[in-house]
Amino acid sequence: MVKRLEVESGGQTRRQFCQHACHAASLAALGVMLPGCGGSPTAPSGGANLPALPVVNATITGNAFTLTVDASSPLNAVGSAALVEASGRPVLVAHTAQDTFVALAGTCTHAQCTVSGFSGGDYVCPCHGSRYNTAGVVLSGPAPRNLTQLASAFANGVLTVSV
Ligand code: FES
């Protein structure tokens, strides 16, 4: 009777070597296929070609900020949207109808990136591509929750947002 010798150099059998090699290849493939799992809020991975929202600066006084919406504002037209940097806090504002605005906390619910993209009428997170509609509802993940809506009021061309 002939016994098959499977011992390779280093003490592994051919079968063990193949199992380890296949396992390593599988892990490498997963790393390529799931880039969003290892992403960082400070290292955007998917937003290089993403149309960016116009950025508007505002100052929070008390617990609110105001914006004048006139012909020079990027929020003047119905259908427009902007990222408001309100004393360093990101707030998304959309002009959804005549005299109607929707304000949302602009921090992505996935890994806390600032949602700064706007494509096809939806907000898009530049880090891993989560999409939200202008009401803050998640359209596609990995974001696990909707964006928080902020109270706002519009009168005499001035939008007031509570933060
Ligand atoms: S931080 Fe990951 S999708 Fe926004």
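Buried means under 20% relative accessible area. That cut-off applies to the cysteines in the views below, all taken from a predicted model.

**View 1. Cys125 and Cys108 under the burial cut-off.**
Cys125 has 3% relative accessibility, so this residue counts as buried. Cys108 is buried too, because its relative accessible area is 2%.

**View 2. The disulfide between Cys113 and Cys127.**
A disulfide is a covalent bond between the sulfur atoms of two cysteines. The structure holds 1. Here Cys113 is joined to Cys127, with an S to S distance of 1.8 Å. The bond ties together distant parts of the chain, 14 residues apart. Cys113 lies in the loop between S5 and S6, and Cys127 in the loop between S7 and S8. Which hand does the disulfide have? The torsion about the S-S bond is about -90 degrees, so the disulfide is left-handed. Cys113 is buried at 3% relative accessibility. Cys127 is buried as well, with a relative accessible area of 2%.

**View 3. The open sheet S6-S7-S8-S9.**
This sheet has 4 strands, and their pairing is antiparallel. Strands S6 (117–119) and S9 (138–140) stand at the edges. Each has a single partner strand, so one side of each is left without a neighbour in the sheet. Inside the order, S7 (residues 122–124) is joined to S8 (residues 131–132) by 2 bridges.

**View 4. The open sheet S1-S3-S4-S5-S10.**
Here 5 strands form an open sheet with mixed pairing. Its edges are S1 (55–58) and S10 (149–150). Both edge strands have a single partner, so one side of each lacks a neighbour in the sheet. What joins S5 to S10? The link consists of 2 bridges, and the two strands run antiparallel. S5 spans residues 100–105. Leu104 stands opposite Gln149 in S10.

**View 5. The hairpin of S11 and S12.**
S11 covers residues 152–155, and S12 covers residues 158–162. They pair in the antiparallel sense over 4 bridges. How many residues lie between the two strands of the hairpin? There are 2. Asn156 sits in the turn, with a positive phi of about 55 degrees. In a regular strand the side chains alternate between the two faces of the sheet.

Notes. Residues numbered from 1 in each chain as written. Predicted model: local features only at pLDDT ≥ 70, side-chain atom pairs only at ≥ 80, totals over all residues. Heavy atoms only, no water. Pairing = 2+ DSSP bridges. Disulfide = S-S within 2.5 Å. Buried < 20%, exposed > 50% of the residue type's maximum accessible area, 1.4 Å probe, protein only.
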